[in-house]
Amino acid sequence: IWRARNWIQADVYSDERSWAGVLMKKVQEISIMIAAAMLFSISACGIPTGSGVPEPVAAPDHTAETPNREEGKADIQVISVSEAGYKVHSLEEYIDTEETFCIGYDAEMNSIVYFVRGDNENTIWGINVDSKEIVKLIELPIEDGQYYFGIIYSEGWIVWTEHADRDVYVGASTGANWKIRAANINTGEVVDIDGADESFPSGVFATPWGISCNGEYVAYCGYDTDEDGNVCCVVKAYGLDSHELITITSYPYSGFQVFGDPCLGDGFVAYAAYFNIGHGDYTTNVYYFDLNTRELTELQSDGNISYLAASDEHIFALEQRMDEHGTRSRKAIVMYNGDEWQTIIDHSSPMYSSIGEEYVNFETLETWGNYVSWRNLLDDGYYIYDISNNKALEIISAKSDNMYAGGVHFNSPFLCWSEYCPDTGSSNTSFVILE
C-alpha cells in the first residue's frame with residue numbers, strides 16, 4: 001500500500017527519512033512492476049483486442065553477445081566535492097525533512113521548492129538558499145475528493161497526477177477520474193494535460209507513470225484506448241507553450257510489453273520498451289522521438305540497454321552485461337553519441353578498477369547538463385561525472401561507513417542525496433549547487 005499523496009517519482013521527490021530513503025532506491029524497478037501489474041489487471045478485465053490487432057513484436061534477444069564496445073574511460077580524474085570547490089549544505093538547515101518533501105530547486109530564485117506534509121499539502125513553498133527567506137509559490141487547484149499521486153518540479157512548472165484513490169493498492173485501485181496537470185509558479189497558469197474519459201474501460205488503473213518535464217514539454221507513459229475502444233500502452237508528450245498533446249507511440253495491449261523511462265532532451269523524447277521474458281527478467285528496445293520532425297527512430301535492439309536519462313543533447317543509459325560467472329547485471333554506463341552507444345563508465349574506470357567486474361552493478365542514473373550521476377549497488381559509492389572535463393566527483397566514498405539512502409533530485413544544478421549511518425541509525429540529507 002502507498003499513500004497516494006506520499007508516493008512520488010524518485011527523480012524529484014522522496015521522503016528524506018532513512019527508511020523511505022532506502023525504499024526509494026528501488027522506485028524505478030517498482031514503476032515497471034506497477035506497470036506490469038496494470039497490464040495484468042487489463043487482461044483480467046477481459047477487454048477484447050478486436051480484429052486486425054497486430055501480433056506483439058518479438059522481444060530482443062538479450063542472450064546474444066554484447067556488442068564489442070570499448071572499455072570505460074580509464075583516465076578520469078576522481079576528486080572529492082570539496083576539492084572541486086563546491087559547498088555541501090545540509091538540507092535540514094533549510095527545511096524539516098521529517099515534515100516536508102523537497103520536490104526540486106529553482107535556479108532563477110536560488111530556492112529549494114517543497115511542500116509541508118499534512119492538511120495543506122497543496123501549497124508549494126520556496127526557501128532561498130542564501131537568505132533562507134520563505135515564500136509561497138502557488139496553491140495547487142486539486143479538487144475535493146482528488147488526491148495527487150506524483151509531483152515534479154522543473155523550470156518554473158509543477159506537474160502532477162491526481163485521481164480519486166486516496167490509498168493505492170497495486171492490482172486493486174482503479175485510478176478513477178485520473179488527470180495529469182501542470183501549473184506555472186510565475187504566471188499561475190494551470191493546464192489539464194490528459195485525463196480519463198468515457199471511452200476508457202472502468203476498473204483499469206490508468207494513472208500515467210514516468211513523468212518528466214524540461215520546462216517546454218511534459219513526457220509520460222500510460223494507457224489509452226484506440227478508436228475501437230481497445231486498450232493501448234502509450235508514450236505521450238505535451239507542449240507547455242503550444243498546448244498540443246502528442247501521442248508518440250501507441251501499441252495494442254500485448255500482455256508482455258510496457259513502455260518506461262520517458263526522458264526529455266533538447267527537442268526530443270527518448271524512452272524504452274520493456275519486454276517481460278519471465279523469471280523476473282526483462283529485455284528492452286530504446287527509441288528516439290524528434291519533437292520537431294515527429295520522426296521515431298530505434299536506437300538499440302539488442303535488449304541490454306535501459307534505465308534512460310537525458311539532458312540537453314545527451315542520452316545516458318545503463319547496459320546489462322554478462323560477467324565471467326554468468327551473472328547478468330547493469331555493469332556499464334553508456335552514452336549515445338549520434339551513431340552508437342559509447343561506454344563512459346564500467347569496471348575499468350578508476351573508481352572501480354581495483355574491485356573487479358563482478359562487484360559492479362549500477363543504478364539510480366540521473367543527469368543534468370553535462371553531468372551524469374549514479375551509484376554502485378554493491379559498494380554504495382555515489383559519483384557524478386562531468387563529460388565536458390573528464391572529472392568525477394565522489395559524493396559518497398565506497399570506503400565510507402555511510403550508505404547511500406536515496407532522495408536524489410537532479411533535474412537542475414541542484415544535486416541532493418541522503419546518507420544513512422548504520423552505526424547511529426540516523427540519516428542526513430545534503431545538497432550541492434553545481435556551476
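Trainee: How do you know that strand 26 and strand 27 pair?

Mentor: Pairing takes at least two bridges, and in this predicted model strand 26 and strand 27 (residues 382-386) have five, running antiparallel. One example is Tyr371, whose bridge partner in strand 27 is Asp386. The hairpin they form has five residues between the strands, and Asp380 there has a positive phi near 65°.

Trainee: What makes strand 25 and strand 26 a pair?

Mentor: The cut-off is at least two bridges, and strand 25 (residues 362-368) is joined to strand 26 by five, so they count as a pair. They run antiparallel. Trp368 has Tyr371 as its bridge partner in strand 26. This hairpin has two residues between its strands, and Gly369 in the turn shows a positive phi of about 60°.

Trainee: Which residues touch the most other members of the largest nonpolar core?

Mentor: Val159, Ile193, Val218, Trp341 and Trp374, in a core of 73 residues. Strand 18 (residues 268-278) gives the most to this core, with eight residues. Nonpolar side chains tend to be buried together in soluble globular proteins.

Trainee: What is Ile193 in contact with, leaving aside neighbours within four places in sequence?

Mentor: Contact needs heavy atoms within 4.5 Å, and the residues that qualify for Ile193 are Val159, Ile180, Arg181, Ala182, Val218, Tyr220, Tyr238 and Leu245.

Key: Residues numbered from 1 in each chain as written. Predicted model: local features only at pLDDT ≥ 70, side-chain atom pairs only at ≥ 80, totals over all residues. Heavy atoms only, no water. Core = buried A, V, L, I, M, F, W, Y, C linked by side-chain atoms within 4.5 Å. Buried < 20%, exposed > 50% of the residue type's maximum accessible area, 1.4 Å probe, protein only. Helix = DSSP H or I, 4+ residues; strand = E, 2+ residues; numbered from the N terminus.
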